[in-house]
Amino acid sequence: DVIPQQMLLPIDADAVTPSAGQLSLTVLDEATGEAVHPISPAGERLSAVLPVTRFRIGAVQAPAVVPEQPLNVSLDGQVTLVGYDLVPARAIAGEPCELTLYWRAEGPLLYDYTVFVHLVDASGAMLAQRDAQPLDGDYPTGLWAMDEVVQDHHVLDIPQDIETGEYWLQVGMYRLDTGERLTISGTDPPLNYVQLGPIHVSGSG
């Protein structure tokens, strides 16, 4: 028999938003109070905690956001880099800098994209990098709502031995399973990153 059951699960008002929620199911034996291990169609004994689905936990009203450096660059028509903030604006060798990227979803995203942040010199050589899903993996792009603006924070460690000069940040998104990057709309030849800067770094030389 298939028996429908409705349950109301209130979300804590202090929950961090936006973030990804995971709904799981456990069935208890009423007589013993022990968890019942379900059996798969193939006869395999499964975990007593069954993942059902994931869902978006969002704020009742999203705050208005205005990046210090506006951009409005489209990545393959799927997501737009609205702008960014960089703290401190003048980086220092051996010290971290915090980059906040402002993304806007242009529609439902089919994949959980990984964000990359690369520090490069004038020749394009990479000196530092950070790759992570948005909000340290707490809010995958597959859960983003259309027109939602997500503030995505990244901390990049500036190399200790870097020389004083002008550098750039290259940022974008890619699929972790294939390594395929989203391309920047309207570029010729096609680019698969957005270049931010120049950024002045006070280095060791």
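R104 is partly exposed, with a relative accessible area of 22% (buried is under 20%, exposed over 50%, partly exposed in between, using a 1.4 Å probe and protein chains only). The model is predicted: local features need pLDDT of at least 70, side-chain atom pairs count only at pLDDT 80 or more, and totals for chains, interfaces and linings use all residues. Residues are numbered from 1 along each chain as its sequence is written, and side-chain values use heavy atoms, without hydrogens and water.

**Salt bridges**
- Side chains of opposite charge can pair when their charged atoms come close.
- The whole structure holds five salt bridges (a side-chain nitrogen of Lys or Arg within 4 Å of a carboxyl oxygen of Asp or Glu).
- R104 pairs with E106, with the closest N and O atoms 3.0 Å apart. E106 is partly exposed at 26%.
- R130 and D136 form another salt bridge, at 2.4 Å from N to O. D136 is exposed at 54%.

- R56 and E148 meet in a salt bridge of 3.2 Å, N to O.
- The two residues are 92 residues apart: R56 is in strand β2, and E148 is in the loop between β8 (126-132) and β9 (149-157).
- Strands (E, at least two residues) are DSSP runs, numbered from the N terminus.
- R56 is partly exposed at 37%, whereas E148 is buried at 11%.

**Surface patch**
- L25, V27, V36 and V52 make a nonpolar surface patch of about 320 Å².
- Such a patch joins nonpolar side chains (Val, Leu, Ile, Met, Phe, Trp, Tyr) within 5 Å, from residues with over 30% relative accessible area and no salt bridge.
- Accessible areas come from the Shrake-Rupley method with a 1.4 Å probe.
- V52 lies in strand β2 (residues 50-57) and is exposed at 51%.

Key
Patch = residues over 30% accessible without salt bridge, like charges linked within 9 Å, V, L, I, M, F, W, Y side chains within 5 Å. Helix = DSSP H or I, 4+ residues; strand = E, 2+ residues; numbered from the N terminus.
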